[in-house]
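Subject: Structure handover

Hello,

Here is the structure I promised to pass on. Please open it alongside this email, and then read through the notes below.

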Amino acid sequence: MELLQLQYFLTVARLEHMTEAAHSLHVTQSSLSKTIGRLEADLGVPLFDRSGRSLRLNEFGISFLRRAERALFELEQGKQELRDLSSKEQSTLELAVTAASTLPNILRAFRNKQPNIHFHVQMLTTQEMVDRLLRGEVDFCLSSPSIEDEDIESIIVFNDPILVAVPKGHRLADRTSVTLAELRNEWFVGVKRGYGTRDLTDAVCKSSGFILNYVYEGDEPSRLVSLVEAEVGIAFIPGTARDSRASLRYLEIEDPGMVREIALLWHKSRYISRAAHDFREVVLDYFAGLSESIK
């Protein structure tokens, strides 16, 4: 069995289409088909159910996929560990977030500590983040909610109360707190389903007996305060993302369920480089200080 066969197999398994997989791998379709065929011959079982150029993993393929992903994951971790041991610096720290409001302060603190380390950050849905984490493509995730998985290590670093932001001319603008029932008929702006805060607020409101009315759903949380300011709708905003604009008012929500957990996640088997260790310490120190400051 060859390493190239495993790499080709993972691509075909992900795309489930021979032509698209060949294009992604920059090889001919016939070459890719022959490589997959040799792998199946080596294993003694078919890995896909075929229908024209489309393929779907069968029970053998699903089982083998988990093993192949783990094998390539371990090889990549070995390469990363050797790079780290042979160099004083790691070129890039890969990060994924669903909770981005605290990220600027954390990255500033990390850059002060490690000015020569680069970082690459992706804002993702919860499922996208988990997929990349399990494939070993990111070092750490800042996630809300926390994730439970046998391959993922998770530390809850902060409990972040969710507020409701309203424009200064809103009927509730002179209040300091509000019940969920009072928001039943409001128009909301928010992020799309799949982001932690959106999924949490939808679930809490549904358990209170109503479905939120959205007039805007996007994938940029930072844009919501501008939409509230423009009186397009009101929004649920995590306390750590609170904006100081005078045109906005933030109200506490009288429901204990309107608190999001922020968690730091990493793959249990992923090699933790020296730069990654430093980043984890920066994150833990930052949230410890934030918790202390609000007591």
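D160 and R260 are both buried. They also pair with each other: a salt bridge joins D160 to R260, with the closest N and O atoms 3.0 Å apart. D160 sits in strand β6 and R260 in strand β12, so this pair ties together parts that are 100 residues apart in sequence. Bear in mind throughout that this is a predicted model.

The salt bridges in the model number 10. Another of them brings together the side chains of R70 and D151, at 3.4 Å from N to O. This pair, too, links distant parts of the chain. R70 belongs to helix α4 (residues 59-86), while D151 lies in the loop between β5 and β6, and 81 residues separate them. Are the two partners buried or exposed? R70 has a relative accessible area of 39%, so R70 is partly exposed. D151 has 18%, so D151 counts as buried. The cut-off for buried is under 20%.

E217 is in strand β9 and R198 in helix α7, 19 residues apart. E217 is partly exposed, at 39% relative accessibility. R198 is buried, at 3%. As background, side chains of opposite charge can pair when their charged atoms come close.

**Helix α7**

Helix α7 covers residues 196-207, which is 12 residues. How far apart are its end C-alpha atoms? They are 17 Å apart. At 1.5 Å a residue the helix should span 16 Å, so the two values agree.

Buried residues in α7 are G196, T197, R198, T201, V204 and C205. Which elements cover them? Helix α6 (126-134) is among them. So are the strands β6 (152-167), β8 (187-191), β9 (213-218), β10 (235-238) and β12 (259-267). After α7 comes G209, with a positive phi near 105 degrees.

Now turn to β3 (residues 92-97). It runs parallel to β4 (residues 118-123), and six bridges join the two. In this pairing, E94 stands opposite H120 of β4. How does the chain get from β3 to β4? It passes through helix α5 (residues 103-113), in a right-handed β-α-β crossover.

β3 also pairs with β5, again parallel, through three bridges. Here A96 stands opposite C141 of β5.

**S143, in β5**

S143 is part of strand β5 (residues 140-143). Its relative accessibility is 0%, so S143 counts as buried. What does S143 touch? Leaving aside residues up to four places away in sequence, the list is T98, A99, M129, E261, I262, A263 and L265. A polar atom of the S143 side chain also lies 2.4 Å from the backbone oxygen of P145.

**T35, in α3**

T35 is in helix α3 (residues 29-43). It is buried as well, with 4% relative accessibility. Which residue's backbone oxygen lies 2.9 Å from a polar atom of the T35 side chain? That residue is S31. Apart from residues up to four places away in sequence, T35 touches Q5 and Y8. E2 is 33 residues from T35 along the chain, and their C-alpha atoms are separated by 9.6 Å.

**The whole chain**

Finally, the overall picture. The chain holds nine helices and 12 strands. Its C-alpha trace spans about 70 × 50 × 30 Å along the principal axes. There are 295 residues, and 44% of them count as buried. Among contacts with a separation of 6 or more, 75% are between residues 24 or more positions apart. The bridge between D160 and R260 is one to view with that in mind, as its ends are 100 residues apart in sequence.

Best wishes

Definitions and conventions. Residues numbered from 1 in each chain as written. Predicted model: local features only at pLDDT ≥ 70, side-chain atom pairs only at ≥ 80, totals over all residues. Heavy atoms only, no water. Helix = DSSP H or I, 4+ residues; strand = E, 2+ residues; numbered from the N terminus. Expected span 1.5 Å × (residues − 1). Buried < 20%, exposed > 50% of the residue type's maximum accessible area, 1.4 Å probe, protein only. Contact = heavy atoms within 4.5 Å. Polar contact = N/O pair within 3.5 Å; in protein donor to acceptor, adjacent residues only side chain to side chain. Salt bridge = Lys/Arg side-chain N within 4 Å of Asp/Glu carboxyl O. Pairing = 2+ DSSP bridges. Right-handed = clockwise from strand over helix to strand, strands pointing away.
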